[in-house]
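Here's a quick tour for anyone meeting this structure for the first time. Take a look, then read on.

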Amino acid sequence: MPSIGAFLVYGLYLASFLGSAAAAPLPGGDPSETSRRSCNVIKRKEWRTLSDSQKKSYIKAVKCIQAKPAIAKATIPNSVSRFDDFQGVHIQQTFLIHFVGHFLAWHRYYVATYEKALREECGYQGAQPYWDWTLDADNFLESPLWDPDTGFGGNGATIPPDGSPIAVPGATGGGCVTNGPFVDMRLHIGPGASLNATSRCLRRGFSPFIAQTFSNTAKVNNALAQPDFGWFNKVVEGETNFQNAGIHGGGHFSVGGEAGDLFSSPGEPVFYLHHANLDRVYWKWQSMNLPARLSDISGPVTMMGPITGPNVTLSFPIDLGPLAPRVTVKDLMDIEGSKKGTGVLCYTYEE
Ligand SMILES: *[C@@H]1O[C@H](CO)[C@@H](O)[C@H](O)[C@H]1NC(C)=O
Ligand SMILES: *[C@@H]1O[C@H](CO)[C@@H](O)[C@H](O)[C@H]1NC(C)=O
Ligand SMILES: [Cu+2]
């Protein structure tokens, strides 16, 4: 079967400027100042527990952020909207933030920054919802997420071969979404590592097989059973193949299309619900032994780097470029760190 590794080659030319991404000027001033502000902890809920009107408010906020003009044009010239800004930063940093020790910390900060943008720039009153894909693992197509009226719309149109850049086992669809709120959505950058101007539809290629195989409760429990962060992270990210993928890959490749693109997957609005759930599993694992696990961090500094180190530490910088102030892994270890004065985050999970 094709490996994700082969697909990584797709964007190797990026490597030349990835180093400079870390040096980009950052707005917002001293993050420790932000962390000292008072904080009202908001509660993230599972998508299907929201009322129809809460669901609609969330979708409305996503459409709002997709209509707000970009602020990151200096580093992502073809970004049109604030939504594109987020996608562009992920594309730029793809090789810096996956299969590394700070994978979960980076994506934790990234989703929280998106949540903040929805709330502060688009008047969204709720918290970032999450998608507990274990609830849909055996009945993927029936997930309330795909409802055209109260969800994100359904599968992409059928186009053989599957429209995702790698052949995903069990994939269907692959073309543009055919119903729901994102049927007319345009993506302005991507796919893959491309930051060139484009105008693309939102593609999906549902694979119920991937959902059933990798997004189930046993897989989550296996991750939760890991004794230290190094193992937890390895199990969550899994291998770069479809035999031993992790729950991270499960969420991405079950939706497929844009979501199955390692670089430009945040072009899929459901990306943020998937990564919120991954973050929730991470927080669950931390909460099983919080005193120790608020400071347990390890893993390679560079993508798939040597297991002998160097390892990521609490002082490792986390950089979202023009999206947010630079922080460290330490600032992101506690999802309520802002309230406690130990970090920059201020949310929690229902259940
Ligand atoms: C982006 O545009 C440049 C200049 O037109 C072109 O050389 C390059 O191949 C394009 N890259 C991709 C990935 O399409
Ligand atoms: C990095 O972490 C691994 C796994 O926990 C450990 O075996 C190794 O000694 C560490 N390397 C350094 C340089 O700390
Ligand atoms: Cu990612």
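## Starting from one residue

Leaving aside its neighbours within four places in sequence, which residues is Val270 in contact with? This is a predicted model, and in it Val270 touches Trp131, Leu145, Phe152, Val255 and Ala259, once those sequence neighbours are set aside.

In soluble globular proteins, nonpolar side chains tend to be buried together.

## Where H4 meets H6

Now for a pair of those helices. H4 covers residues 52-67 and H6 covers residues 103-122; they pack at an angle of about 85 degrees, and their axes are 10 Å apart. That angle falls between 65 and 115 degrees, so H4 and H6 are roughly perpendicular to each other.

On the H4 side, the meeting residues are Ala61, Cys64 and Ile65, while H6 brings Ala117, Leu118, Glu121 and Cys122. Sorted by type, the residues of this contact come out as six nonpolar, one charged and no polar.

An unreviewed UniProt entry puts the feature "domain: Tyrosinase copper-binding" at residues 98-115. In the model, that span is 72% helix and 0% strand, and its end C-alpha atoms lie 21 Å apart.

Conventions
Residues are numbered from 1 along each chain as its sequence is written. Chains are lettered from A and ligands numbered from 1 in the order in which they are written. This is a predicted model: local features need pLDDT of at least 70, side-chain atom pairs count only at pLDDT 80 or more; totals for chains, interfaces and linings use all residues. Axes are lines fitted to C-alpha atoms, for helices over the stretch in contact, and angles run from 0 to 180 degrees between N-to-C directions. Helices (H or I, at least four residues) and strands (E, at least two) are DSSP runs, numbered from the N terminus. Angles under 35 degrees count as roughly parallel, over 145 as roughly antiparallel, 65 to 115 as roughly perpendicular and the rest as oblique. Two residues are in contact if their C-beta atoms, placed from the backbone, lie within 7 Å. Ala, Val, Leu, Ile, Met, Phe, Trp, Tyr, Cys and Pro count as nonpolar, Asp, Glu, Lys and Arg as charged, and the others, Gly among them, as polar. UniProt positions are given in the numbering used here, feature names are shortened, and annotations may be inferred rather than shown by experiment.
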